[in-house]
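Here is a short briefing on one protein chain. Look at the structure first, then work through the points below.

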Amino acid sequence: MHPLDRLEQRIADRSAVVGVVGLGYVGLPLAAAMHDAGFRTVGFDTDHAKIEALTVGAVYIDYLGEAMVRTLAESERFDVTSDMARLGGCDAVLVCVPTPLKPDRSPELCYVTQAAEAIGRSLEPGRLVVLESTTYPGTTRGEFASALFGGGGGGGNRVTRDDVLVAFSPEREDPGNAEHTTRSIPKLVGGLDERATRVAASFYGAAFESVVPVASAEVAEAAKILENVYRAVNIALVNEMKMLFDAMDIDVWDVIRAASTKPFGYTPFWPGPGLGGHCIPIDPYYLSHRAEQVGMPARFVELAGEINHAMPGYIVDRTLAALRDRGVAADGARVLVMGLAYKPDIGDVRESPSFELIERLRAAGADAQYHDPFVPKTWKMRNYDLGLASTGLTKESIAAFDAVIISTAHSAIDYGLIAEHARLVVDTRDAMRPHATAMHGRLIRA
């Protein structure tokens, strides 16, 4: 039997072994979904803290819950390791590694190529390898496949591209969204050839309620980029409208709610202090990078990026100006940033604009602290090392700050307490609307 025919048979009877490389916000729930579908699943990660946590069933991504990791830890069909040599025993390997930006905002694909090289060193005929990390169109067929079949050395000498199926299937996780689970979100799949698409779609069909095969890996890559560019551009639009309407003394949130009464042709987006999360602040730059390579600059996308990245500076400028109006100098001012996570009611801080707010305030001489019920303390990250712990929220602690900036509107925060005791509130999320009248000029919408 041809190795690829054997692969299809093993997928069909659930005897295939699935390897998931990268056990973060995307890889861990994906590994759980594959395990729940009946596959023996092996998780791979270079972070030994994650390996130890999963071995004992400890949670390191809070919103996923204890039940998921406990089920994996207790199952004989799940294992976790940092030994990449074990990739050779996997029939299907799913790559869920970070795709961040370099300091100049160009794509950083080193994690993708390193993962591909590691897989390549153990690659056997009759395997399916799928990249899930968001990237620009052409990466799967280009950098990823090149590293898989040649960049790592060993694998490229023992197999050919005819022996292995390669595809791209973008992750579509929305951390903390209980309405849409990993299994329920439609799964796009595009392969490097027709058979890769078909087999990858069949494979994912075992774990996902809906699988959508597309014409190629490039279409799947481009679809993921489009999804996130759509949000980035529309958020930039309302952020620019916010600044424009502020200058006109018009409440942008009132404007958006009024426009939202139109039953067709309009979708509301909401302004904020900047972009956060694992996709929207980053993916547009992957597209603009690729656009430059083909000689077609993505001017609209780049402008949206400029506007969104300017928002933390705008918020800090508004805050410091409001403090000056009240006779408080920036140097020595005490400012509390409310919410460190990038979105409400979870502890995910990836690319959160709150970090830049704090650093900009510090650069101006202010004493910047934060409160977040989901993030008790900060840790060293790729771009930030604040060395802070969450400030307790009491009437005394609130009153001790010269200003409070609401950056993330967690539902657990007592906004009434803030309204009663804060000297000044700069609200970037419209969270203080129910208390605006009672604040008597102590509220700045920004």
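Predicted model: local features only at pLDDT ≥ 70, side-chain atom pairs only at ≥ 80, totals over all residues.

**Helix packing**

The points below start with the helices, then turn to salt bridges, a strand residue and some backbone angles.

**Around helix α11**

- Helix α11 covers residues 283-293.
- The buried residues of α11 are D283, P284, Y285, Y286, S288 and A291.
- G295 follows α11. The phi of G295 is positive, near 75 degrees.

**Where α9 meets α10**

- Two packed helices are described by the angle between their axes and the distance between the axes.
- The axes of α9 and α10 (residues 252-259) come within 9 Å. They cross at roughly 125 degrees.
- That angle makes α9 oblique to α10.
- Which residues of α9 and α10 meet? From α9 come V238, M241, K242 and F245. From α10 come V252, W253, V255 and I256.
- By class, this contact of α9 with α10 has 7 nonpolar residues, no polar ones and 1 charged residue.

**Salt bridges**

- Side chains of opposite charge can pair when their charged atoms come close.
- How many salt bridges does the count come to? The count is 24.

*R70 and E66*

- R70 forms a salt bridge with E66. Their closest N and O atoms are 3.8 Å apart.
- Both residues lie in helix α4 (residues 66-74). They are 4 residues apart, about one turn of the helix.
- R70 is partly exposed, with a relative accessible area of 40%. E66 is exposed, at 55%, because exposed means over 50%.

*K224 and E171*

- K224 forms a salt bridge with E171. The closest N and O atoms are 3.5 Å apart.
- This pair links distant parts of the chain, 53 residues apart. K224 is in helix α9 (residues 217-247). E171 is in the loop between β6 (164-168) and β7 (187-191).
- Are K224 and E171 buried or exposed? K224 is buried, with a relative accessible area of 3%. E171 is buried too, at 5%. Both values count as buried because the cut-off is under 20%.

*D246 and R318*

- D246 forms a salt bridge with R318. Here the closest N and O atoms are 2.9 Å apart.
- This pair also links distant parts of the chain, 72 residues apart. D246 is in helix α9, and R318 is in helix α12 (residues 299-325).
- D246 is partly exposed, with a relative accessible area of 24%. R318 is partly exposed as well, at 25%.

*A network*

- D251, D254, R257, D430, R433 and R445 are linked in a network of salt bridges.

**E356 and its contacts**

- E356 sits in helix α13 (residues 353-363).
- The side chains of E356 and R360 are joined by a polar contact of 2.8 Å.
- Leaving aside neighbours within four places in sequence, E356 is in contact with H309, P312 and Y384.

**V18 in strand β1**

- V18 lies in strand β1 (residues 17-21).
- V18 is buried, with a relative accessible area of 0%.
- What does V18 contact, leaving aside its neighbours within four places in sequence? Its partners are M34, F39, R40, T41, V42, C90, A92, L94 and F203.
- V18 and F78 are 60 residues apart in sequence. In space, they are 9.6 Å apart, C-alpha to C-alpha.

- D430 has a phi near 60 degrees. That is a positive value in a residue other than glycine.
- D430 is in the loop between β12 (425-427) and β13 (443-445).
- H440 is found in the loop between β12 and β13. The phi of H440 is near 50 degrees, again a positive value in a residue other than glycine.
- H440 counts as exposed, at 69%.
- D430 is also one of the residues in the salt-bridge network.

Notes. Residues numbered from 1 in each chain as written. Heavy atoms only, no water. Salt bridge = Lys/Arg side-chain N within 4 Å of Asp/Glu carboxyl O. Helix = DSSP H or I, 4+ residues; strand = E, 2+ residues; numbered from the N terminus. Buried < 20%, exposed > 50% of the residue type's maximum accessible area, 1.4 Å probe, protein only. Polar contact = N/O pair within 3.5 Å; in protein donor to acceptor, adjacent residues only side chain to side chain. Contact = heavy atoms within 4.5 Å. Axes fitted to C-alpha atoms, helices over the stretch in contact; angles between N-to-C directions. Parallel < 35°, antiparallel > 145°, perpendicular 65-115°, else oblique. Nonpolar A, V, L, I, M, F, W, Y, C, P; charged D, E, K, R; others polar.
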